[in-house]
Amino acid sequence: MELFLVVVIAVLGFGILVFFHELGHFLTAKLFKIKVEKFAIGWGPAVVGFQGKETYYQLSVFPVGGFCKFKGDEMSRDFEEKARDKDSFYGVSPVKRLLVAFSGPFMNYIIAVIFLSLMSLGSYKEIKIPNKILLVEDYLSKFGVVELETPAKRGGLRSGDVIVQMNDKKIESYEDINKYMVFNGKKPVEITVERDGNFEKFTVNPEWDPSQMKAIVGVYYYLDPIIKIKTDKALANYLKLQDNDKIIGIDDDYEHITDIVVNNFLQTNFALKKSAILRVKRGDENIDVIIEFNKLNRYLTREECYLDFQLPEVVVGGKNIFGAIADGFRSSNEIISISAIGLYSMIFKPKKDFSKQVGGPIRIGEIIGKLTYEGFKDGIWNGLRNFFSIVSYISLALAFFNLLPLPAVDGGHIILNIYEILTRKQISLKVLSVINFVGFAILITLSIMVAFLDVSSLIKGG
């Protein structure tokens, strides 16, 4: 049942994205009196369809992608004859063709703004990861990695510091730190921290981290590992831990014990022939919990060998309609900016494992379905918020990708039309057909490659 609901939610999410994208093309074409011969959601054979006054509307078997087929916008025997008709795609001015191409991505942008605005109307609980930091080298040293010095350490920061400002930007959460670094890049940053009740300033010179495709200062968030019991089969139950138990040490190590330190320790030692002691504070009492790692695999898998911890939540009040719309535009523009930076990083500073940088329809569908389904477990509004949020992010990514100057996508059409506008020369229809054919072939090849990577990732559980 869960798998079925995940698939349904994923298909619905894709349907919304594709429908409004193609609707943008459709409405603009109609505005300029371009004949739309077919409006299709999905690819492949039709599941259902009907003939309108001049357009055939179709729902196809593969619920990914879609297209508007304009008169004259195909390669056929009579292509040359009807391509320049007044009601055909290439029969109108390049300005109108440019607007038709642009309207699809623009509609994706508008839908994202609407969804993100709706999210801001109602109050909701939001996890707010603290801006208290753990230096990466202090974390890694617990697992035997000692030859490392991060920009944060060189700049004078310490584990336990609370970052309150980066240059002129006020910092209130760990997310604020990450977001600031995405836009700041490798430029030096003046960091103000709260340490032992005092405020101190340090200058840090970030370094590029290819694994994250961004410049970093070298810090994790610092969250106290306070147990939260979620399921009966959880590791916490096996170890007889209780809600609000706080792990304060592992064996004889009591320094900088955080949630990620504990869970990485559990994962690293899973099924090994060794034991360890979790030092736990329960109310006013300190107790020792012994873990025999070679026995854990009889009870759970490696993926289940982790503890759930309490995450700090804040209640965010709903905004009025004007504040919500402003939030929608601000968030949308921010996401597009991050997408542009990510694309630059992927092209010029790629990871060694390229497969982890890309995701196609299968992986995207899995994300939409799973996160929305998990959200509904905590209530209808949480489920809707997850759905709106994920679909908005993907809608903006779709808009951004389609505006890239590549053949066979909207950005390619826009560039060709800009060329005609500036030179006042029509590009030969034969040249256009070759460009579109080559671009479409490249797009299909890339789609197959990405789909293969998606399936491989799912099989590996990644």
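**Note on the fold and its nonpolar cores**

1. Residues 24 or more positions apart supply 65% of the chain's contacts that have a separation of 6 or more. The model is predicted. Its chain carries 14 helices and 15 strands.

2. On burial and surface: 42% of the 462 residues count as buried. The chain exposes about 25,300 Å². Carbon and sulfur atoms provide 60% of that area.

3. The largest nonpolar core holds 28 residues. Ile-247, Leu-278 and Leu-307 have the most contacts inside it. Two or more residues each come from helix 7 (235–238), strand 12 (246–250), helix 8 (259–269), strand 13 (275–282), strand 14 (285–292) and helix 9 (293–296). Helix 8 contributes the most to this core, with four residues.

4. Look at Ile-247 next. Leaving out residues up to four places away in sequence, Ile-247 touches Pro-225, Ile-227, Ile-257, Val-262, Leu-278, Arg-279, Val-280, Leu-307 and Phe-309.

5. A separate core lies apart from the largest one. This other core has 22 residues, including Ile-133, Ile-171, Ile-177 and Val-204.

6. Back to helix 8. Its buried residues include Asp-259, Val-261, Val-262, Asn-263, Phe-265, Leu-266 and Asn-269. In an α-helix, residues three or four places apart point the same way, because there are 3.6 residues a turn. Just after the helix, Ala-271 adopts a positive phi of about 70°.

How values were computed: Residues numbered from 1 in each chain as written. Predicted model: local features only at pLDDT ≥ 70, side-chain atom pairs only at ≥ 80, totals over all residues. Heavy atoms only, no water. Core = buried A, V, L, I, M, F, W, Y, C linked by side-chain atoms within 4.5 Å. Buried < 20%, exposed > 50% of the residue type's maximum accessible area, 1.4 Å probe, protein only. Contact = heavy atoms within 4.5 Å. Areas by Shrake-Rupley, 256 points an atom, 1.4 Å probe, with all protein chains shown as cover.
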